[in-house]
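The sequence and the structure come first.

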Amino acid sequence: MKKSIYPLFSYLKYWLLQEDQYALQSPFIFRIYTNLLSFFLAKKTADLDLEEIRKMLLEDQEILKISDHGAGSKKLKSHFRKTAEVTKFSATGRKFSQLYQYFCSLTPAENVLELGTCVGINSRYLAKATMGTLYTFEGAESLFQKAQEFPVESNTKYIFGNIKDTLPNVLQLFEKVDFALIDATHTYAGTTSYFNHILPYLHKGSIVAIADIHWSKEMDQAWEEIKKHPKIRLSIDFYECGILFFDQDIAQGEYILKI
């Protein structure tokens with residue numbers, strides 16, 4: 001199946017299978033989901049300073065040289081890309097930035113990882129939910145620099161380099177990971193490798209988010225394989241991302257939810 005067609009096929013499948021709060025039987029997932037919807041409403045006018053940064057990035061015509069370490073961009077084929085284009089096509093939209101912020105806030109959020117800084121919008125949303133330190137990783141030097149052009153939160157550490165090399169080094173600094181967002185490389189090999197590196201540091205209160213789980217056939221394959229890992233108790237598919245829970249005390253399940 002052609003790469004351009006696959007997301008349409010996977011979205012149709014998601015649309016047919018998605019559920020809303022009225023179809024949920026599990027009290028735990030019902031509470032998590034309805035609280036997420038309430039979070040969106042409560043945050044409707046919150047963090048607008050971050051959206052101002054997004055607006056400025058969308059107007060930024062600086063040409064960035066991007067060194068892709070993974071699948072690259074479907075929309076932007078050249079290694080030379082305008083900041084505005086990268087922000088438009090590669091940065092997470094406000095709703096999902098808030099979604100990541102919400103799920104991060106459900107954890108102790110002492111050690112938070114973001115794999116794939118891009119232009120730094122998700123980083124700033126996550127920083128506001130991080131109680132300890134956010135470690136954000138980027139493999140493209142131009143994006144690493146661009147993400148720090150605006151004021152950054154004091155609880156955020158920006159890490160440059162190929163993530164397959166930098167992630168193991170950073171993980172040695174602490175004993176556990178509370179929340180992780182995997183939004184880099186977008187290949188089966190890269191995504192599963194990052195997850196397996198983080199796995200030994202996860203605990204019952206940890207949550208892992210994986211972005212773009214239906215971006216391609218191999219990302220779909222990575223998601224299907226990861227969510228069946230025996231340490232994972234519950235998974236939620238929001239189409240643009242997947243959320244994983246590890247608490248063995250909650251009821252096991254796989255959910256596809258409307259967002």
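A salt bridge is taken here as a side-chain nitrogen of Lys or Arg within 4 Å of a carboxyl oxygen of Asp or Glu. The side chains of Glu51 and Arg54 meet this condition, with N and O 2.7 Å apart. The model is a predicted one.

## Overall fold

The protein has 10 helices and 10 strands. Its radius of gyration is 17 Å, close to the 18 Å that the globule rule gives for 259 residues, so the protein is as compact as a globular protein of that length. Along the principal axes, the C-alpha atoms fill a box of roughly 50 × 40 × 40 Å.

Of the 259 residues, 54% are buried. Among contacts between residues at least 6 apart in sequence, 66% join residues at least 24 apart.

## Helices α3 and α4

In α3 (48-58), the residues Leu50, Glu51, Ile53, Arg54 and Leu57 are buried. These residues cover an arc of only 150° around the axis, which puts them on the same side of α3. They pack against α4, α5 (94-105), α6 and α7.

Helix α4 spans residues 83-90, and Thr83, Ala84, Val86 and Thr87 are buried in it. Seen down the axis of α4, the buried residues fall within an arc of 165°, so they line one face of the helix. The elements that cover them include α3, β1 (63-65), β2 (80-82), α6 (121-127) and α7 (141-146).

## Salt bridges

The count of salt bridges comes to 13. In general, side chains of opposite charge can pair when their charged atoms come close. One of the pairs is that of Glu51 and Arg54, and both of these residues are buried. Being 3 residues apart in helix α3, Glu51 and Arg54 are separated by about one helical turn. An α-helix has 3.6 residues a turn, so residues three or four places apart point the same way.

Lys128 forms a salt bridge with Asp49, with the closest N and O atoms 3.3 Å apart. This pair joins distant parts of the chain, as Lys128 is in the loop between α6 and β4 and Asp49 is in helix α3, 79 residues apart. Lys128 is partly exposed at a relative accessible area of 37%, and Asp49 is partly exposed at 43%.

Another salt bridge is formed by the side chains of Asp60 and Lys146, at 2.7 Å from N to O. It also links distant parts of the chain, with Asp60 in the loop between α3 and β1 and Lys146 in helix α7, 86 residues apart. Asp60 and Lys146 are both buried. Together with Glu62 and Glu149, Asp60 and Lys146 are linked in a network of salt bridges.

Glu138 is in strand β4, residues 133-138.

The side chain of Glu138 instead has polar partners in the backbone. It reaches the backbone nitrogen of Thr117 at 3.2 Å, and one of its polar atoms lies 2.9 Å from the backbone nitrogen of Ala140. Leaving out residues up to four places away in sequence, Glu138 touches Gly116, Thr117, Cys118, Leu143, Phe144, Ile159, Phe160 and Gly161.

## Ile159 and other sites

Ile159 is in strand β5, residues 156-160. Its relative accessibility is 15%, so Ile159 counts as buried. Beyond four places in sequence, Ile159 touches Tyr135, Thr136, Phe137, Glu138, Phe144, Thr166 and Val170. The C-alpha atoms of Ile159 and Phe28 are separated by 35 Å, and the two residues are 131 apart along the chain.

Ser26 is in the loop between α1 (6-17) and α2 (27-42). At 11% relative accessibility, Ser26 counts as buried. A polar atom of the Ser26 side chain lies 3.3 Å from the backbone nitrogen of Ile29.

Lys217 lies in helix α10, residues 217-226. Lys217 is exposed, with a relative accessible area of 60%. Lys217 and Tyr188 are 29 residues apart in sequence, and their C-alpha atoms are 8.8 Å apart.

Note on methods
Residues numbered from 1 in each chain as written. Predicted model: local features only at pLDDT ≥ 70, side-chain atom pairs only at ≥ 80, totals over all residues. Heavy atoms only, no water. Helix = DSSP H or I, 4+ residues; strand = E, 2+ residues; numbered from the N terminus. Polar contact = N/O pair within 3.5 Å; in protein donor to acceptor, adjacent residues only side chain to side chain. Contact = heavy atoms within 4.5 Å. Buried < 20%, exposed > 50% of the residue type's maximum accessible area, 1.4 Å probe, protein only. Arc of directions from axis to C-beta. Rg over C-alpha atoms; globule rule 2.2 N^0.38 Å.
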